[in-house]
Amino acid sequence: MKEIKTNSVLRQIIALFIFALLQSAFADTSCLSAFAAESKPENGQTAVNDETEPVIHYGFDGMNEDDEENEEEESPNEVASEKKTTKNAVSYHKAIVTLLRKHGLSEAHISKWAAENPHSTLNKISSLSPAKQKKIADVASYIKKTSPKLTAKTVWREASAIVYYSEKYKIPVDLVVGVAKLESRFNPSAQGSGGALGVMQVVWKVHHGMLSAKSIAHKKEHMFDPERGVEAGVLVISRYVKAYGTIQKALRHYCGKSSMNYLKKVMENMEHSQKHAEARQ
């Protein structure tokens with residue numbers, strides 16, 4: 001278990017752990033997202049120690065540029081004309097190509113969005129294994145089904161980030177999908193109680209030091225970016241797993257309360273996403 005920086009924080013962690021054990025024996029309190037039409041109690045995420053990790057410096061700044069529900073997508077012809085000027089064409093897994101075609105898009109759209117954000121995980125898709133690329137398509141399809149009003153750009157940035165950062169921080173992809181759906185229904189502009197922000201509802205006032213040190217986010221507005229928000233949430237979950245030993249305990253701290261209902265909902269979301277992927281075979 002990682003050593004907590006201060007005695008004060010250590011006492012808080014111990015108190016929360018004891019409180020969690022006591023609560024589990026009594027009536028459970030839901031920690032469901034307010035964005036799933038249920039009230040969410042004040043988020044009690046606690047800080048965990050930082051440690052050295054490879055740092056990705058983002059090339060974009062500020063709030064999510066895609067959160068307008070009715071944003072107009074570029075036509076395939078417009079994007080295709082831009083792609084002709086690209087010397088090195090990028091190839092993608094057939095699952096990605098098929099899903100793009102289904103929604104009237106093409107590989108050129110991903111290339112264009114990637115070019116707009118040079119350090120976006122969209123730039124890494126073609127270098128991933130076929131299995132990881134297919135997983136991105138599965139996650140993108142599930143996000144779009146869950147929240148059809150999200151723009152295609154947001155959907156693909158989130159899906160790519162979820163798969164990429166799940167692998168980087170050693171957290172199961174389906175778990176991250178389950179948490180993201182429960183916390184915000186994949187809405188990168190979501191704001192919850194207790195200062196929870198973004199697609200993963202990370203509490204900025206608790207984790208800003210670590211997120212700034214990692215160059216994930218230097219101000220709370222950065223949390224509304226789809227990829228920053230995803231990485232922040234996956235990193236926090238991974239820290240809780242290292243600190244408390246199990247996914248179950250990590251999620252209890254991420255939720256902020258001991259809540260079997262929260263764990264149950266995450267598991268249900270994981271099962272739904274897996275069934276959705278199987279149905280696409």
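Select Trp 156. Leaving aside neighbours within four places in sequence, Trp 156 is in contact (heavy atoms within 4.5 Å) with Ile 96, Leu 99, Leu 100, Leu 105, Ile 110, Trp 113, Leu 122, Ile 136, Ala 137 and Ala 140.

Before going further, note that this is a predicted model: local features need pLDDT of at least 70, side-chain atom pairs count only at pLDDT 80 or more, and totals for chains, interfaces and linings use all residues. Residues are numbered from 1 along each chain as its sequence is written, and side-chain values use heavy atoms, with hydrogens and water left out.

**The core**

Buried means under 20% relative accessible area, exposed over 50%, and partly exposed in between (1.4 Å probe, protein chains only).

**Helix 11**

Go to residues 260–279, helix 11. Helices are DSSP runs of H or I with at least four residues, strands are runs of E with at least two, and both are numbered from the N terminus. The 20 residues of helix 11 should span 28 Å at 1.5 Å a residue, and the end C-alpha atoms are 29 Å apart, which agrees. The expected span is 1.5 Å times one less than the number of residues.

Select Tyr 262, Leu 263, Val 266, Asn 269, Met 270, Ser 273, His 276 and Ala 277, the buried residues of helix 11. They cover an arc of only 150 degrees around the axis, which puts them on the same side of helix 11. That arc is taken from the directions from the helix axis to the C-beta atoms. These buried residues pack against helix 5 (130–146), helix 7 (173–184) and helix 10 (247–255). Turn to the face away from the buried side: the exposed residues there are Met 267, Glu 278 and Ala 279.

**Aromatic pairs**

The whole structure holds four aromatic pairs. Rings of Phe, Tyr and Trp (its six-membered ring) pair if their centres lie within 6.5 Å; planes under 30 degrees apart count as stacked, over 60 as edge-to-face and the rest as tilted.

Select Tyr 142 and Phe 186. Their ring centres are 6.2 Å apart and their planes stand at 85 degrees, so the pair is edge-to-face. Tyr 142 is in helix 5 and Phe 186 in the loop between helix 7 and strand 1 (196–197), so the pair ties together parts 44 residues apart in sequence. Tyr 142 is buried at 5% relative accessibility; Phe 186 is buried at 0%.

Move on to Tyr 164 and Tyr 165. Their centres lie 5.1 Å apart with planes at 85 degrees, so this pair is edge-to-face.

**Salt bridges**

There are eleven salt bridges in the whole structure, each a side-chain nitrogen of Lys or Arg within 4 Å of a carboxyl oxygen of Asp or Glu.

Select Arg 280 and Asp 138. Their closest N and O atoms are 2.4 Å apart. Arg 280 lies in the segment after helix 11 and Asp 138 in helix 5, so the pair ties together parts 142 residues apart in sequence. Arg 280 is partly exposed at 28%, while Asp 138 is buried at 7%.

Finish at Lys 112, Glu 116 and Lys 153, which salt bridges with shared partners join into one network. The closest N and O atoms are 2.7 Å apart for Lys 112 and Glu 116, and 2.6 Å apart for Glu 116 and Lys 153.
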